Amino acid sequence: IWKNGQFDGFIGIRINVFTFLTGMLGDGDGRGFLLHAKANGHQVFSEIGDMDLAGPSKTFVMNLDADNDGWEFTVYPTREVLALFQSPLPYIVAISGLLIALLFYVTMSSRIKAKTNAKLLRKAIRRRQEVESKLEHMAKHDALTHLPNRSYLNIYLENKIKECELKGRKIAVLFLNIDEFKSVNEIYDHGLADEVLKIIPQRINDALKGSAMIAHLGGDEFVICLSENLIEQKLFIYAEDVLKSIRTPIIIGHETIRITASMGVSYYPQHGQTASELVTRAEQAVNQAKSLGKDVYTIFDESLESTSVQKAAMLQAFNKGLDEQQFEMFFQPRHDIKTGAMVGAEALLRWNQGGNYLSPDAFLDLAEESGMIVSICNSAFDMAFAQYHHLFSGNPPIMLAINVSAKQLAHPDFLNDLFAMMDTHEFPSEMLEVELTEQTLIQNYESSLATLNALHSAGVKIALDDFGTGYSSLSYLKNFPVDVLKIDKSFIKDIHKNKGELELAKAIIAMGKSLKMEVVAEGVENQKQLSILEKEGCQQAQGFYLNKPLPFSQFDQLFNKKGRHSDGYN
Ligand code: C2E
Ligand code: CA
Ligand code: CA
């Protein structure tokens, strides 16, 4: 049956030979002879019954075995017919011949038709099976990577669990999440990000020598199942190999993409008895790995089960930190490359936990997520303005650069709070520079633009931070009032080793200069880099080679020793 142009089922026809032949031949007596038919030795039709026949010598038998189904017809003339003709045999032969030719034709044509129909039917069934297996594949596999998806993974794991339960074996479920995959999507086009997602499982497969089942849960999430009898030390090797394989730069066309991944591990039977329990636990473990700084793996730990408990503890710690003024700034000097003079400093947030200074990477994400970033930074900014006020007394001022995140910029009190702090500490607005990344600006384009314009008209300078790692779109540079371009440290790292990197840095410097911006190189770690930057006309530099971020007391000493008219570095 064809429905909407599609084959849907088939028709079977059953022919009753007896009825068929009786209908075709009509009455035997009127006809003058009787028919007896066999197929494969079995009687399929007979008009003879217990009738008195003319005897075997008067019969005519024909084997119709052309089609291998052993049809045999015997024609018996009736006694009346035999009596009518003296020599009836030729007539009988002629009539029988005709009859048999007819039967032969009927049989053969129906066989041929049946064969053709069967062929069509087989083709349609094959096509239907193909479609069905394709649909089944789609339901169980990811459309992009063609790897097993979550529902297949569940079936697979449930089966493995049954198997391992019998044999007393372990299973390890490794939940892999690419770190910052969002930025790969933002920086490159989606086609390239998709390519990266296809390459990752190949890398994992190579690292594990094809011995594991890899599922793609969608997005940047993969699950690896290892089912051999694991000993923990072996898992350590597997996990490290997988993370290493992802760390290796991915080259697609002219692009070199560097990514890392975090991994969470759960074991059967310790951490769960069902597939979904194991996957959930491994996912919780990957979140632990992320909070530990990414590019690492963590084995699920019951005591850290609830990340919300962890978060609540962290929020409590933030509040205590704010009460006790534990958030303060370190200051990393910025130098004029030509003269070596210190022309400013970037304030970098530190969490002073009893003399142990925690870097922003360890807590900034949670501070952002919880909104605590606003009070934390306000507290540290306030302290920095006060410290700078002290620094300026008797010295000509230098620039103070502060970092502002998206949450801070979007806060309705941002401008009021900032101007109020500057007023309190009599901080000249032309000495303040606000560093923002392109990602921050794009998050709330309209309001960002309005806030930046307000800052700019008050004399505050705007710096585009980490330039080159975001959208690097010229439209931002044109539409926002940007005064300073800070080249991200990843572009400076290899300028003395790699011609391509140098060309890139040169292009950014030239572009910044042509847009009348001050160009600052971040992350300068050696003299070679500094000399190249000077030669290429980059105006300012910041980095460990010149000065590390310093606590205020050391920064104060350095500033008073060298002052802004320093004739050399450090
Ligand atoms: P950033 O704005 O790009 O800051 C520069 C980072 O590079 C600092 O890391 C600094 O210590 C580091 N650095 C400086 N010179 C070198 C060098 O020569 N080599 C290398 N490898 N690194 C160098 P830090 O202090 O850990 O800050 C990390 C990020 O945290 C900052 O990146 C910034 O985005 C954010 N941050 C810091 N302070 C604040 C703040 O007060 N508010 C906000 N919203 N974010 C902040
Ligand atoms: Ca910065
Ligand atoms: Ca930066």
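Modeller: Two residues are in contact when heavy atoms lie within 4.5 Å. Please keep in mind that the model is predicted.

Colleague: Against which elements do the buried residues of α14 pack?

Modeller: Helix α14 spans residues 414-424, and its buried residues are Phe414, Leu418, Met421 and Met422. Seen down the axis of α14, these residues fall within an arc of 100°, so they line one face of the helix. An α-helix has 3.6 residues a turn, so residues three or four places apart point the same way. The elements against which the buried residues of α14 pack are α12 (373-392), β17 (399-403), α13 (406-410), β18 (432-437) and α16 (445-457).

Colleague: Which residues are exposed on the other side of α14?

Modeller: To count as exposed, a residue must have over 50% relative accessible area. On the other side of α14, this applies to Asn416, Asp423 and Thr424.

Colleague: Is α14 roughly parallel or roughly antiparallel to α16?

Modeller: The axes of the two helices, α14 and α16, come within 11 Å and cross at roughly 20°. Angles under 35 degrees count as roughly parallel. The arrangement of α14 relative to α16 is therefore roughly parallel.

Colleague: Turning to the metal site, which protein residues are donors of the calcium ion (ligand 3)?

Modeller: The protein donors lie 2.2 to 2.5 Å from the calcium ion (ligand 3). Along the chain they follow the spacing D-D-x55-E.

Colleague: How many residues apart in sequence are the parts tied together by Asp465 and Glu522?

Modeller: Both Asp465 and Glu522 are buried. Asp465 lies in strand β19 (residues 461-467) and Glu522 in the loop between β21 (518-521) and α20 (527-535), so the pair ties together parts whose separation in sequence is 57 residues.

Colleague: Which residue coordinates both the calcium ion (ligand 3) and the calcium ion (ligand 2)?

Modeller: The two ions, ligand 3 and ligand 2, are 3.7 Å apart. The residue that coordinates both is Asp465.

Conventions: Residues numbered from 1 in each chain as written. Chains lettered and ligands numbered in written order. Predicted model: local features only at pLDDT ≥ 70, side-chain atom pairs only at ≥ 80, totals over all residues. Heavy atoms only, no water. Donors = N, O, S within 2.8 Å, 3.2 Å for Na, K, Ca; no water. Helix = DSSP H or I, 4+ residues; strand = E, 2+ residues; numbered from the N terminus. Buried < 20%, exposed > 50% of the residue type's maximum accessible area, 1.4 Å probe, protein only. Arc of directions from axis to C-beta. Axes fitted to C-alpha atoms, helices over the stretch in contact; angles between N-to-C directions. Parallel < 35°, antiparallel > 145°, perpendicular 65-115°, else oblique.
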